[in-house]
Amino acid sequence: MKYSNPEIPEGINTSTQHPLKEFFLLTGGILGTVLAVVVVLTLLADQLAVYIPFELEMELATRVTDEVPAAESESPQIEIYLNGLADKIAAEQALPPEMQITVHYVDDDLVNAFATLGGHLFMFRGLLETLPHENAVAMVLAHEIAHIKHRHPIRSMGRGIIFGLAIGMVSSTLGNAMTDQVLANTGGLTVLKFNRDQESEADQTALNSLYQLYGHVEGADALFEVLERVSGDDQLQMPEFFSTHPLSENRINNIHSFQTEYSAVENRTTMPLPEGYATWLVSAPKK
Amino acid sequence: MLVTNIEIIPGKRITEHLGLVQGSSVRAKHLGRDIMAGLKNIFGGELKGYTELLQESREEAMERMIEQAEAVGANAVLNVRFSTSSVAAGAAELFAYGTAVVLE
Amino acid sequence: MVDLIVFLVLLALGYGFGRYAELKHYKSIIQREEEFRDIPVVTTKFPPLTKPLSDVALVSGSVVISVDYFKRFIAGLRNLIGGRVTAYESLVDRARREAILRMKEEARAFGGHIIFNVKLETSSIHKGRKNGIGAVEVMAYGTVLIKQ
């Protein structure tokens, strides 16, 4: 009985393929599929969300607005002014009758304004303080009202939910090593493009309504110049690809091209802010 | 190629032992099977998807072992043993090993 | 954005060092297998009765090899698609051959010339987090015959 130990060739239990090749194939394939699926799902969600009736949206909104501190009783004049201006703009944008716009004033240093479900707009003192004339205030209001008109808040919410569900389903099966993070980030970048398109759409509608209201769009870029100034100190500017809004620069250029297209009117003076505007903003007692 | 887990084959004689041969295969499940398994976690019953997966894996491992045995010039593999272990998240390693011999 | 960069750096490190370690290890394994070519290893239980009188001893060899970041990421991706996880195949192959070589080293120290009834045990050592496989351990053991 002979016992021997011959050499066994390599490559039977292992693979001779270079690991990087497999890596690129796998990541490429999966990222591509994830992107495609996310795009399809969010498009679907976007289209379907519009069919949710506005009344239902207002119901949902009552739960959301409870989160933001209400300041109605403290600064009635500013809210009266803003709501009045908003109603004029809403009329110009031909909003359907069931869409009621409610402007809430928030006494906070934050330089921001946003629109949420149910036609609720929130304007922060930090932003209102920086606007130099009524046209700028009107631009901000018109932009947010345009979001409501196009049902952007409910569409964003729908997209967010579907996207979260999809990523969650995939993430639960994966192990560790941040595969789920990578997938979520990739999908997230796709969704950002949707947001940017929405912002551009709102800008366009807002400019149109401003033109109808005042006959010109002078002063509409004041808002973006403020935003650029505020964020200009930040040396590390993210490329547009990674942000939720188009670059302020691009939005200003857009406004200027709108102006040159539609500037038939000679009298293009901006409306000044009403008297007492500054005092209304600081009249709210500080907590 | 004769593959068996006994040592002494009735009526045959071993002329040469050619050492240990091994075959292994690491397979991962995929999303579809995972979702089915998740559902089965609620209802109970045999996880046919996984059974199939591991069976295919085992056959592949045996094939590799036989490939190694042929490479060293054997015509039978005796005393075969199997082992299953999980070495990666969601993947199992199927391992088969035995002694390659020349039978007469 | 920062997580992405950290992730890519870790991936590159895992790939670079892991591949280097693997290639070096394989070279060493192939070289030592040549050295130990005179000690056959079989799974049969019964040495032939006509063998000259020998002493016996239990010998074993074990090794723990850890998984690098690159391999873990690939395994995670494979969990979506299914199929062979070649990154792990090379890992367990290395570990097995190393364990057998260490067993042979011990056999040589005893002065033996053949190892019978070899069995291999594989197990994974978890890091403690869910789905976190830290390392793979392979142990090989058998009985060595020592010519008196």
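Student: Before we get to the helices, how are axes and angles defined here?

Tutor: Axes are lines fitted to C-alpha atoms, for helices over the stretch in contact, and angles run from 0 to 180 degrees between N-to-C directions. Keep in mind that this is a predicted model.

Student: Thanks! At what angle do the axes of α1 and α3 of chain C cross?

Tutor: The axis of α1(C), residues 2–35, crosses that of α3(C) at roughly 35°, and the two come within 10 Å. The crossing of α1(C) past α3(C) is left-handed.

Student: Which residues meet there?

Tutor: From α1(C) there are C:Glu22, C:His25, C:Tyr26, C:Ile29, C:Arg32 and C:Glu33. On the α3(C) side they meet C:Ser90, C:Arg94, C:Arg97, C:Glu98 and C:Leu101. Sorted by class, this contact has six charged, three nonpolar and two polar residues.

Student: Can we zoom out? What pattern does chain C follow along the sequence?

Tutor: Chain C reads α-β-α-β-α-β-β, with three helices and four strands. Of its 148 residues, 36% are buried. Among contacts in chain C with a separation of 6 or more, 83% link residues 24 or more positions apart.

Student: Now the neighbour. How many residues of chain C are in contact with chain B?

Tutor: 31 residues of chain C are in contact with 29 residues of chain B. On the chain C side, α2 (69–81), β2 (83–84), α3 (86–110), β3 (114–126) and β4 (133–147) each supply at least two residues. That side divides into 14 nonpolar, 10 polar and seven charged residues.

Student: And the strands of the two chains, in which sense do β2 of chain B and β2(C) pair?

Tutor: They pair in the antiparallel sense, over two bridges, with the chain B strand covering residues 14–28. B:Ala28 stands opposite C:Gly83 there.

Student: What about the largest nonpolar core, how many residues has it?

Tutor: The largest nonpolar core has 59 residues. Those with the most contacts inside it are B:Met65, B:Ala91, C:Ala75, C:Val85, C:Tyr88 and C:Ile115. The largest share, 10 residues, comes from α3(C).

Student: You mentioned C:Ile115. Which residues is it in contact with, leaving aside neighbours within four places in sequence?

Tutor: C:Ile115 is in contact with C:Ile39, C:Val41, C:Val59, C:Met103, C:Ala107, C:Gly142, C:Thr143 and C:Val144. Another core, of 40 residues, lies apart from the largest one, and includes A:Leu82, A:Leu128, A:Met139 and A:Val217.

Student: Chain A, then. In what order do the three strands of its open sheet come?

Tutor: The order is β2-β4-β3, with mixed pairing. In chain A, β2 (102–106) and β3 (113–116) are at the edges with a single partner strand each, so one side of each has no neighbour in the sheet. On average, neighbouring strands of this sheet are turned by 20° against each other, direction ignored.

Student: How many bridges join β3(A) and β4(A)?

Tutor: Four, in the antiparallel sense, with β4(A) spanning residues 120–124. A:Ala115 stands opposite A:Leu121 in that pair.

Student: Last one: which helices of chain A lie across those strands?

Tutor: Helix α3(A), residues 76–92, lies across β2 and β4 of chain A, at about 145° to β2(A). Helix α5(A), residues 134–149, lies across β3 and β4 of chain A, at about 20° to β3(A).

Definitions and conventions:
Residues numbered from 1 in each chain as written. Chains lettered and ligands numbered in written order. Predicted model: local features only at pLDDT ≥ 70, side-chain atom pairs only at ≥ 80, totals over all residues. Contact = placed C-beta atoms within 7 Å. Nonpolar A, V, L, I, M, F, W, Y, C, P; charged D, E, K, R; others polar. Pairing = 2+ DSSP bridges. Left-handed = near helix turned anticlockwise from the far one by under 90°. Buried ≥ 20, exposed ≤ 12 C-beta atoms within 10 Å, placed from the backbone. Core = buried A, V, L, I, M, F, W, Y, C linked by C-beta atoms within 7 Å.
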